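These are my notebook entries on a structure that I consulted for a reader new to it. They record what I looked up, entry by entry.

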Amino acid sequence: MTTTTGVAAVTGAVGSAHTRVEGRDKVTGAARFSGEVPFAELTHGWLVLSTVARGRIRSVEDGPVLAMPGVLTVLHHENAPRVDIDYMGMLGRPNPVLGIFQHDRVPFAGWPVALVVAETSEQAREAAEALVVRYDEEPHDVAFRAGRPDAYTPEDSPLVEAETEKGDLEAQLAASAVVLEAEYTTPEEHHNPMEPHAATARWEGGRLDVIDSNQGSTWVAGELAQLFSLDPASVRVRSEHVGGAFGSKGLSPHQVAAVMATTVLQRPVRVVLTRRQMFSLIGYRSPTAQRIRLGADADGRLRALDHQAQSLTSTVYEFVESSAVLGRVLYDADAHHTLHRLVRLDVPTPTWMRAPGEAPGSFALESALDELAEKCGMDPIALRVRNEPGTAPVSGLPFSSRNVLACYEEGARRFGWAGRDPRPGLRREGRWLLGTGMAAATYPSGVGPSTAAVTADPDGTFTVRINAADVGTGARTAMTLVAADALEVAADRVRVRIGDSDLGPAMIAGGSMGTRSWAWAVTIAANELRELLALGDGIPPEGITARSNTAEAIGALSQQERHSFGAQFAEVAVDEDTGEVRVRRLLGVFAAGTIVNPLTARSQLVGGMTWGLSMALHEEAVRDQASGGHVGADLAGYHYAAHADVPVIEADWVDDPVPGDPVGIKGIGEIGIVGVAAAIANAVWHATGVRHRNLPIRPDRVL
Ligand code: MOS
């Protein structure tokens, strides 16, 4: 039986601030991260990455290294266990980078060519650094630039529709009184969580047991089973605490390397990535070159919206940074065209990085809206309100709920937008030029099938089991609150177990879908448990357990556009002598359905907004054309916002009920970053009168 009663605030746990249930463990060090879990007989693997950007491995001279102290084995393409990478995984085909040590080809600088395993981490590192690998090098191409002639339109994937068209774009542009055409670029950016990627693998009682740091142990266990042709029931992946992920913690070569090595050595093997290795092994955000054309009537009504975005991928795997998708839902126009184009280069494959698509896409589109407002002589909010759609502009689907107007209104009120003089370059405070800007934000609210179990224990407490991942977001705490409300008990009577593939399949912490997906499964299981308890048969020693599986209910969801929305506001000061941009204030107001835990939700939104500031002003990974690798691949060389760069950031939300939705949660993982870079760029224009269409807005570009 399936009940889909909503996460109503019965006990009021959902919607009230709650500190993290594992907070004390984290600040006392009792919480162990994956690289810290002790094992008897533990060995340490160190990856060796290619130093050339394209070519073939001629030889791996492992002889001298095998004689070094503590070295147990060196795995490479001539001796490593074989894996199968021809399968369909939970999120599509696997990235061929998971097929490490299977052949001699090198498709980018930083491709894994060997794993050195030793008794200690230091011995493994020393040997790895001493290992001589010879290559037959081939010419490489890592130059991303707008309008490359080899750019192509990718096939549609279930995750990204490459191109959409509605109406006659050129005719509407020709009929427009005001036309804006502009090109925007964003650089390669990296998500390097504080906790590096780490996996420990061992064979235990005939099962493969992996201690990992990931966004979904169901996902990682499933892929490892397929890669190594194992019965899925014989693979267990645990990921209890995760020190940040942001899209980077799925499958990477280190997990595969650890499993290969433990299979060869029959001892536990730990592989931890270095910060530098993370720059080539865990994915990143592709640079983008985006072209926008907007056509409007003199009163700002949009006739045409064209957004074309070029990004890059590797030669081995296709990943599309879906930057052009926002306009499909944000603004009405008589004609729409959105298109993604890709170029294949000799670089690592990019991946999802916080608000994949929308983060760089919103910089272009929301900057362009600001430029159009200027051309029309309109307030930027008024322009957006004028083009507010009733139903989704391209798909025609109804919105599950859409409260972006309330975000504009509440944001404008709190920010003090009313009475803003739109003319640029007029306000100053000493040598600082002052300006304000805003942008809209949106991100899809998806959901994935999950299973959950809720047990009533004889002592009057409850245990929730769901293979959620708490990547630092407070997922464990959120599920505690959701379960408490569904069970109608106080939150301190609920304990939640997560991060273990043995708990049963569940959605990943990704795409802003985790909380919504898990809450649904937990609520159904809790409701069923209450029905079992209502029978009044007493609770046996093993407890009474109810289980749920949301696959069917999710399959039956009506066709709607489900999105979170928001409005971002920024105030900046620009030093007219040095070009330094200081962000003085950021305010984000969001409409994102039910907010489960205001404390951790606010923290997550502020985190996203901080990242948006960093994206606007600082972040830029520089690829060296000669070597094909990075310049400054560490957290000193990759410049990002530090505390002193970050002003008071306010994040808040408006009521956003979602009628007919079984959980009412929309997700807030990504939307915090969306629109921030545009709001800041628009504020810099307002301060200086100069448009910045290329990120980051470095001092040397400002003046
Ligand atoms: Mo998010 S970039 O889908 O982890």
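The model is a predicted one, in which local features need pLDDT of at least 70 and side-chain atom pairs count only at pLDDT 80 or more, while totals for chains, interfaces and linings use all residues. Residues are numbered from 1 along each chain as its sequence is written.

**Entry 1: Thr473**

I looked up the neighbours of Thr473 and found that it touches Ala509, Thr600, Gln604 and Gly669, leaving aside residues up to four places away in sequence. I then located Thr473 in the loop between strand S19 (462-465) and H12. Helices (H or I, at least four residues) and strands (E, at least two) are DSSP runs, numbered from the N terminus. Is Thr473 buried or exposed? I noted that Thr473 is buried, because 25 other C-beta atoms lie within 10 Å. For this count, a residue is buried if 20 or more other C-beta atoms lie within 10 Å of its own, exposed if 12 or fewer, and partly exposed in between, with C-beta atoms placed from the backbone. I also checked Thr473 against Leu281, 192 residues apart along the chain, and recorded 23 Å between their C-alpha atoms.

**Entry 2: the nonpolar core**

A nonpolar core is a set of buried Ala, Val, Leu, Ile, Met, Phe, Trp, Tyr and Cys residues joined through C-beta atoms within 7 Å. I found 205 residues in the largest nonpolar core, and those with the most contacts inside it are Val116, Ile466, Met479, Ala483, Val522 and Ile680. Helix H16 gives the most to this core, with 10 residues.

**Entry 3: H12 against H13**

I examined how helix H12 (residues 475-487) packs with helix H13 (residues 514-534), and noted an angle of about 30 degrees with the axes 9 Å apart. Axes are lines fitted to C-alpha atoms, for helices over the stretch in contact, and angles run from 0 to 180 degrees between N-to-C directions. H12 passes H13 in a right-handed crossing. A crossing is right-handed if the near helix is turned clockwise from the far one by less than a right angle, and left-handed if anticlockwise. Among the residues making the contact are Met479 and Ala483 of H12, and Trp518 and Val522 of H13. Sorted by class, this contact has 12 nonpolar, four polar and one charged residues. Here Ala, Val, Leu, Ile, Met, Phe, Trp, Tyr, Cys and Pro count as nonpolar, Asp, Glu, Lys and Arg as charged, and the others, Gly among them, as polar.

**Entry 4: H9 against H16**

I turned to helix H9 (residues 358-376), which packs with H16 at an angle of about 35 degrees, the axes being 8 Å apart. The crossing of H9 and H16 is right-handed. I listed Ser362, Phe363, Glu366, Ser367 and Asp370 on H9, with Ala677, Ala678, Ala681, Asn682 and Trp685 on H16, as the residues that make the contact. By class, five are nonpolar, three polar and two charged.

**Entry 5: H6 and Gln266**

H6 has 13 residues, of which 10 are buried. The buried residues of H6 include Pro253, His254 and Met260. Just after H6, I noted that Gln266 takes a positive phi of about 55 degrees. Gln266 lies in the loop between helix H6 (253-265) and strand S12 (269-272). I recorded Gln266 as exposed, because 11 other C-beta atoms lie within 10 Å.

Glu41 has a phi near 65 degrees, a positive value in a residue other than glycine. I placed Glu41 in the loop between helix H1 (23-28) and strand S1 (43-49). With 10 C-beta neighbours inside 10 Å, Glu41 counts as exposed. I also looked up the peptide bond that joins Leu695 and Pro696, and found it to be cis, with omega about -5 degrees. Pro696 is in the loop between helix H16 (676-688) and helix H17 (699-702).

Methods
Contact = placed C-beta atoms within 7 Å.
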